[in-house]
Structure formats: structure tokens, C-alpha cells
Amino acid sequence: MAGRDRTPSERADVCVIGAGPAGSLVAYRLAEAGHDVVVLEAGEWFDFEDRPTQMERALRPGHDAVGVWDTDRERDAYTTSGEATYPLNVRRSKGVGGSTLHWGGRVSRFAPKDFEMRSRYGVASDWPIGYEDLRPYYVEAERELGVAGADDNPFMPEREEPFPMEAFPPSYSDSILAEACEDIDIVTHSVPNARNSEPYDDRSPCVGYGTCRPVCPSGAKYSADVHARKAVEEGARVIDRAVVRRLEHDADGDRLTAARYQTPNGELHRQTARTFVLAAGAVENPRLLLLSKSAEYPDGLANSSGVVGRYFMEHPYVGVVGKMDGLTGQHRIGFGTTESYQFYEPDGDPPPGSFKIEFSNEGGPRIVDLALRQRDPVGSLSRTISSPGPSTLEGLAGEQRPIEWGDELLETMRGGYGHYFRIVAEIEPLPDPENRITLNEDVTDDFGDPVPDVSWSPGSYFERTGERAHEVIDRIVEHIDADVEDVERIPYIEGVGHSSGTTRMGTDPAESVVDSNQRTHDVENLYISGASTFITIGASQPTLTIAATALRLADHLDSEVL
């Protein structure tokens, strides 16, 4: 890594900032079309061969959800304000591949109603594009990522063609919960997964390591470094550990001229290009625009609307984690196989928002958690809700469990492992201009730049929807065909890494940052790709829509701009 050439490319048609799914797909498609592409990525390009070692680290105590990806706490410093504490660095990673290095891999499309919230329900705003505009790009995205699924979701539009791979069969635990749903007329269906159920795209099928989050050693689960590698094979150049600190524009402020970035040895470089694509995520995208303020843009680059950083969105979750007398086999696989979109269309007056029910095969403690359970308070299931991390292992106030050894500990582990289940609901948020990313001028990162401040409050819409989701989940639990020994409600899971909405798309330059082709209204050669351009995010994971809009942008740039 130390000897890697990180000097600028002499000639570039396109400079892409960020090598997550949006940036990597744009770079690959444009390089494949013959354009000179350079990608600047703040994080490291990790060697695939190191993944087994990373898996071992993930299985040992003391690592949080993304700790195996060498998050730099000083480089990635941030602050949080608002009603909800937002755990940004627990949910994101910087590196070639971005957060797809450790994501869960669910890849449902947004539903048609997600693009038409104002027209249908009188809330939020409509997108300037609709489901039909993205339909062909959803097909391409599923093919590029490699999605295993089945056309068995009756609450989504009819598909154009089958998924690239067959769906994974229901897990044993999911089958138990699906039977409970059937008893109360809740329709369940398979989960589209961006992981191989068979050999695909020169990648292994899933072999069941069960450590999908935070690392898939086999490469069966898609991560965007796949397309970064393909982009390089097509002639693109990816410069890792290149932290873009400012974007520079011409004298009139009409066009970008360069991205100024810093390398690990402290050198500052300027990468010039004809066109720039900002694809650094819903926090760093607005941050970089705000850092790039100038006389022409005193409130931040491309921010004549004042909207940059506003309308930050995230998916809250609610649910339960419980224990039953029968076996469930938690942690045998690291992903869900069954879910329900039955509650995705709002109803009532006023209606609750959309939510979808997800079953998790990661409920309850891992073996290592049970072995160290004496550090947890007696009677606590809550420490097993989220991905294990340092907080799982720290001593907590209150009555502590007695220390166990030998056969006594072995019996505890046998009784505690394999009996847990977890049911959650992904909740639709509404965009709120007061939920926003700003610069905290009082706190700086290791480059001396103000850090982003995340101000987020879920709001009453979430509370109403969350209450309805809990009612549904409680009914499912009541109908499980087994003795449920203990259930602990999850009233609220803080942000899960679906940050969106901070450089929103729109037709009115006074109320949005980019147009329907994701070009900034103010700067003619600056485009923004990724979830920061989204108007709403429904109750579905955003990655497939990130990929679809990235492919649509690449198509537009290739055919009409470059």
C-alpha cells in the first residue's frame, strides 16, 4: 500500500469520488464504454485474500460491526445531535466497496408508491422519476450484483424476467415464524439476496460461514469492490486512501475544475476532469459540498437552494428478540430468507407509514457471547439485539451473573445457543428538512477540517408506524408453535446504515440539489450518485435503488454528456 502510485491522472473524462456501489458501478460502466475514468476513494483497497483473517477477528470479542475494516476514528470523526444519537461509524465503512463490505445483502426494489408519496398520500414529495423509469435499470442492477430470489412477493409489481439465481430456501427458524404468520393470515415470501445461491460471476456460492456481517470470506455476498475491480480491468484507475478535501470551480462557478485530495504521506494533489461524479454517501456528499464553499457559493458548493445536507433519512427498526424451548439454529446463516411486504401500503386515517416484517437468523447470542455472559446483567436479552461489539463485552451496572467454568459453562452454552429468534419491522421515515448534515466548526478531523454533524429525530410518523408494527409482531409471537420462554421488545434500533436524502433530486432548483439526471442545478459538470439524491426511501433497503440510479446515470453520461 505504501508504494502505490497516488498521483493524479493526467487526463480524465470523469473523476468519481467514492468507490461504494454507486461510484464503482458508474466507473465500471463508463470505463467499459471507453471513457478515461479515475476514482478517488478515502479508504483502503482491502486484499480479498485477507478475508479469512478478518473473519477470525470478527468472531473474537472486542470488534464492532465494522471494526474489521479498519475504520479510522480520527479521519472519520463526526458528532451527532437531535433527539436520536446516530451511530454513524458503527454502520459505515470507508474503503473500496464502501458499506457493502459489511452489509446484510437484502436487495428489494422500491415499490411504485415510494416514488409517489405526495400524489398518493399527501405527504413528503414525489420523485421527478418513477418506478417505470427505473424498471429496466432494476433488472440490470440485479444482474450486475447477482441476486438470488423468487417471483413470490404478491405485493410488488410483476417481474419482467426471473432473478439471475434461484432464491435461498427458508431457514429452519424462518419456517417456524412463517407458520405463525400463516395462522393469522400474514403472507410471507422469499427475500431477494445479493449473494450467490450458485456459482455466479466467477464468485463462489454461499458456503454458510454465517459471518455475512461484517465479512463474507467466500465472496458469495456481493460487495462493490467487485465492480471497482472490473472498472480497473476496463482501463479505469482507482486511487485508494485519497481523501478529497475540497472541490474547486472556475471563476464563474459554473464548472468544476478539480478535486483536491490528500494522500497518506500528507501530499495534496489536484485531480482534473471534464465531468465529476460525487458518490461518497449521504453524509460525506453534503459535507464535501459544504466544505467547498467559495465567494460564488458562500453557503456551500451547489447550494443556492440551501437544501444541501437537509432531509436526512434513515430507517428506524422495531421488533422483538425471544427464546423458545425448541431449536431455531440462530447464527447458522448470517442472512434472512423470509419477510413480508403485506403492510407496505399505508391504510387508515391517518395511516401509519409503510413497514415490512423481517425475520432474522442472527437473533440471540453467539457462542462467544454465551461463553462471556457473566459480564452481562442477569436477565438481559437486549445485549444480543444488535451486531456484537465491544459494548456486548463491557461490564454493565447491576447484578452480574456468577462466573461459570467447565461442564457448568458447557451446559449453559448448550441451553442458550440455538433457541433464539428475532423479528423486526423496517419502518418508513418521512423526509424532514430539520434532519440534516451540517459542519461542526468546533470539532475537526485529523486533516483539520470540520467534521459532519448528524442531526436526526425519527418523529411522530415513525412512532405511529412503529406502534402498528409492534402490534403485528406481537401477534406473530403469540402464534409461534412452541413455548416462548422469554421475549424482549426492541422499542427502537438506531440507524442501520441506510442514510439517504441530503442532496435531493427535484425539478425546482429552489427546493432540490440535483435534477432528474442527477446533475447539480448550479454546476453543470457535477453529478451526484447514491442515496443522498433520494426523495423518499419507503421501508426497503436502498442498495438496489442506489445501483439502479447509478446505472441510469452512467447511461446518461455515456449517451448524452461525454
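Predicted model: local features only at pLDDT ≥ 70, side-chain atom pairs only at ≥ 80, totals over all residues.
Let me begin with helix H1, residues 21-32, and helix H13, residues 543-561, which pack at an angle of about 30° with their axes 8 Å apart, and where H1 passes H13 in a right-handed crossing. On the H1 side the residues that meet H13 are Pro21, Ala22, Leu25, Val26, Arg29 and Leu30, while the residues they meet in H13 include Ile546, Ala550, Leu553 and Leu557.

I turn now to the salt bridges, of which the structure holds 42. In one of them, glutamate 284 pairs with arginine 92, with the closest N and O atoms 3.2 Å apart. Glutamate 284 lies in helix H8 and arginine 92 in the loop between helix H3 and helix H4, so the pair ties together parts that are 192 residues apart in sequence. Both glutamate 284 and arginine 92 are buried.

Another salt bridge joins the side chains of glutamate 339 and arginine 106, at 2.9 Å from N to O, and it links strand E13 with the loop between H3 and H4, 233 residues apart. Glutamate 339 counts as buried because its relative accessibility is 1%, and arginine 106 counts as buried at 10%.

Finally, arginine 245 and aspartate 449 meet in a salt bridge, also given as 2.9 Å from N to O. Since arginine 245 lies in strand E8 and aspartate 449 in the loop between strands E16 and E17, the pair ties together parts 204 residues apart in sequence; arginine 245 and aspartate 449 are both buried.

Technical notes: Residues numbered from 1 in each chain as written. Heavy atoms only, no water. Axes fitted to C-alpha atoms, helices over the stretch in contact; angles between N-to-C directions. Helix = DSSP H or I, 4+ residues; strand = E, 2+ residues; numbered from the N terminus. Left-handed = near helix turned anticlockwise from the far one by under 90°. Contact = heavy atoms within 4.5 Å. Salt bridge = Lys/Arg side-chain N within 4 Å of Asp/Glu carboxyl O. Buried < 20%, exposed > 50% of the residue type's maximum accessible area, 1.4 Å probe, protein only.
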